Amino acid sequence: MIRLALRLAVAGGREALVRLLAIAAAVAVGTGLLLTTVAGVHATNAQLGRYASLYPQETADGSADPLLWSTRFDYFRGTQIARVDVAATGPTAPTPVGVPRTPGPGEYYASPALRTLLATTPADQLADRYPGRDLGTVGPAALTSPDTLLILVGGTPEQVGALERVREITRVDDNRAPLPGTVIALLLAVVTGGLLFPVLILIGTATRLGAARREQRFAAMRLVGATPRQISVVAAVEAALAAAAGAAGGFVLFLAFRRQLAGFPLTGMPYFPDDLSLGVPDVLLVALGVPAGAAVAAWVALRRVRISPLGVTRRVTPRPPRAYRLIPLVLGLAVLGFALLYRPGTADGQTALFLPALLLVMTGLITGGPWLTMVGARAMAARASRPAALIAARRLADNPAAGFRAVSGVMLALFVTTVAVGVMGTIAHERGPAPRGSLEAGRLSLSSAGDSPVPGSLLTDLAAVPGVRDPVIVRQNPVRGGGHESGVIACADIPPAYGRCADGATVAEVAQGLIPWRESASAARIWPASTVDPAVLPRLPVDSVAVDAADPAAVERARTVIEAAFPAFVVAPNVPGDFEADFADTMRGWQRLADVVVVAGLALAGCSLAVGVAAGLSERKRPFSLLRLSGAPVRLLRRVVALESAVPLLTVAVVAVGMGLVAAHLFLRAQMDYDLRTPGIGFAAVVAVGLLGSLAVIAATLPLLERITGPETARSE
């Protein structure tokens with residue numbers, strides 16, 4: 001029977017070959033995206049694992065001398081530079097990953113991206129922060145991404161040991177932490193809900209191309225003696241053949257575009273091409289699972305033919321869907337509502353609560369779609385006054401599952417789009433807009449956490465930098481707590497733009513950098529008087545150093561001078577935009593992930609819609625041909641097809657957007673205590689473009705009606 005099934009699959013003439021090619025093409029697109037999704041999870045795991053290697057775990061192994069290790073971060077025009085200071089305490093100390101040997105005092109290794117930056121930037125803005133001998137390049141094994149800015153600086157054990165957060169490492173091979181389970185769960189939930197569901201919908205829709213024609217052929221085979229088991233084998237082989245060819249095409253697409261895909265900064269940083277890889281289990285699961293899934297789908301679709309050889313010609317109206325299909329949707333929303341009252345204290349507990357809830361909502365939208373389509377069809381029938389509307393409403397009411405099948409991908413894409421835009425927009429609004437482009441010139445400050453001596457020439461050196469003005473040193477306030485500010489400064493040293501002392505004071509209590517937390521500089525601010533003796537002031541430890549810089553180049557030159565004066569800094573000198581840029585990078589990484597899900601979901605939904613509408617026309621060409629023979633004009637049939645597709649589309653669009661807003665609001669309230677900020681005109685534009693694109697896909701299939709519904713179709717069928 002397998003040989004016969006193969007002959008039937010390819011021996012049906014041009015129509016059969018075109019059907020197989022169409023199914024294979026659709027499955028190839030879906031498989032390629034599926035492989036990209038799986039490989040992306042592995043790449044993110046590898047990327048974050050190497051990021052975790054910047055913070056190796058302390059180990060106690062008496063067989064090796066410890067390697068002293070301290071990780072800090074520097075900034076250059078809003079871009080973060082990872083700085084790792086190391087020192088070997090003996091000949092058996094381990095060697096850091098990615099370099100041939102541990103750098104000694106006055107030596108360093110730099111990542112390729114940082115070496116390029118050092119070579120193209122004036123030394124007084126960056127390179128002077130890392131004096132010493134350049135030993136070469138840090139290898140990919142130690143880099144999160146090709147764009148990572150990393151420098152590995154050598155020092156003496158005394159120098160590195162005096163730094164904050166220093167670690168003693170005796171083994172580096174076990175320090176690569178895997179992606180945390182909660183992050184994997186979140187990532188898998190996003191890609192599963194936003195990509196895998198639409199991919200599976202596309203594959204399932206594609207395998208139904210020509211289903212009506214195949215059902216008739218299988219029913220005829222039953223009439224001449226074929227057994228249900230033989231029919232099942234033939235159906236499974238035909239579906240698996242096209243799906244296997246499509247799966248192979250998906251692998252070819254993935255391998256052909258892997259390098260380009262690796263360069264897309266999904267997490268805010270591009271991947272190394274080798275990270276975007278597949279394991280043997282992944283390959284086997286996709287290569288075998290896609291054809292097997294297509295075979296199962298074909299077996300399920302032919303239940304009516306297996307029950308009766310005359311099932312195709314005597315097909316009865318399916319039972320209407322019931323409202324219980326909405327149970328998963330209600331349960332998912334109920335779980336999100338429950339999270340408003342109880343939120344687990346651990347990340348694993350929160351993941352176990354939120355992810356199943358979101359997946360339940362998505363599942364409920366898919367299972368409840370036919371019922372919603374039926375409701376929309378009945379509402380249209382009650383208000384219909386034209387033949388096209390009456391015919392379309394009756395056909396949708398008779399088989400709402402078939403009508404919904406074509407638009408199910410669009411519904412899921414709109415839901416994911418709404419949730420992503422609602423959550424990301426609200427977070428960005430609550431935490432401020434993410435800055436883009438060059439940083440504004442601003443207030444550069446360093447907070448000191450120790451008793452580091454201040455070079456006597458520091459203020460003079462800063463004042464000599466072009467574009468720098470009003471350098472000040474704030475000392476630590478010996479009076480702590482009780483509402484006192486953390487620093488003290490001589491009243492004569494306060495720049496006018498940052499306020500003045502209270503009347504009669506010579507020393508004032510001031511905030512770090514002369515700007516209170518979450519406030520702006522103000523010339524009208526009056527700082528309270530301090531009891532510190534002005535003669536004692538120069539001997540107090542440094543609290544902070546601050547300057548005003550007129551442009552980005554002045555910021556970097558002043559940052560270089562301050563770092564040279566305080567080589568053991570814990571937090572590098574920074575302007576407010578530096579920390580905002582960190583947040584912006586994180587936000588843009590998540591926004592890119594949301595954009596990928598939205599764009600890919602809408603594209604997949606469009607493909608599913610095109611395939612679904614084409615399959616529907618193929619299945620209904622005989623009844624439409626009979627309508628034409630009875631005198632119905634082609635324009636009437638086009639209106640019927642348009643209404644049959646547009647009514648479910650618009651119905652599920654309203655429900656998907658509404659449920660997406662509800663789910664986003666419940667998630668934000670439960671997880672972050674934020675109120676949903678209603679998406680603006682950009683979101684409306686995305687939805688409008690998606691719906692117009694879907695309607696355009698429907699319109700593009702209408703010209704087929706005249707060609708496939710001629711009199712010869714009625715006679716041949």
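Colleague: What is the relative accessibility of R669, and how does this residue count?
Modeller: R669 counts as partly exposed because its relative accessibility is 31%. Buried means under 20% relative accessible area, exposed over 50%, and partly exposed in between (1.4 Å probe, protein chains only). This is a predicted model, in which local features need pLDDT of at least 70 and side-chain atom pairs count only at pLDDT 80 or more, while totals for chains, interfaces and linings use all residues. Residues are numbered from 1 along each chain as its sequence is written, and side-chain values use heavy atoms, with hydrogens and water left out.

Colleague: Which residue does R669 meet in a salt bridge?
Modeller: The partner of R669 is D673, with N and O 3.3 Å apart. A salt bridge here is a side-chain nitrogen of Lys or Arg within 4 Å of a carboxyl oxygen of Asp or Glu. D673 has 53% relative accessibility and therefore counts as exposed.

Colleague: How many salt bridges does the structure hold?
Modeller: The structure holds 15. One of them joins E107 to R101, whose closest N and O atoms are 3.3 Å apart. E107 has a relative accessible area of 12%, so this residue is buried, whereas R101, at 37%, is partly exposed.

Colleague: Which residues are linked in a network of salt bridges?
Modeller: The network links D74, R129, E556, R559 and E563. Within it, the side chains of E556 and R559 meet at 2.9 Å, N to O.

Colleague: Where do E556 and R559 lie, and how are they separated?
Modeller: Both lie in helix α17, residues 552–565, and because they are three residues apart there, about one helical turn separates them. Helices (H or I, at least four residues) and strands (E, at least two) are DSSP runs, numbered from the N terminus.

Colleague: Buried or exposed, that pair E556 and R559?
Modeller: E556 and R559 are both buried.

Colleague: Changing topic, how many aromatic pairs does the structure hold?
Modeller: There is one aromatic pair. The rings of F338 and Y342 have centres 5.9 Å apart and planes at 45°, so the pair is tilted. Rings of Phe, Tyr and Trp (its six-membered ring) pair if their centres lie within 6.5 Å; planes under 30 degrees apart count as stacked, over 60 as edge-to-face and the rest as tilted.

Colleague: What relative accessibility does F338 have, and what about Y342?
Modeller: F338 is at 42% and counts as partly exposed. Y342 is partly exposed too, with a relative accessible area of 46%.
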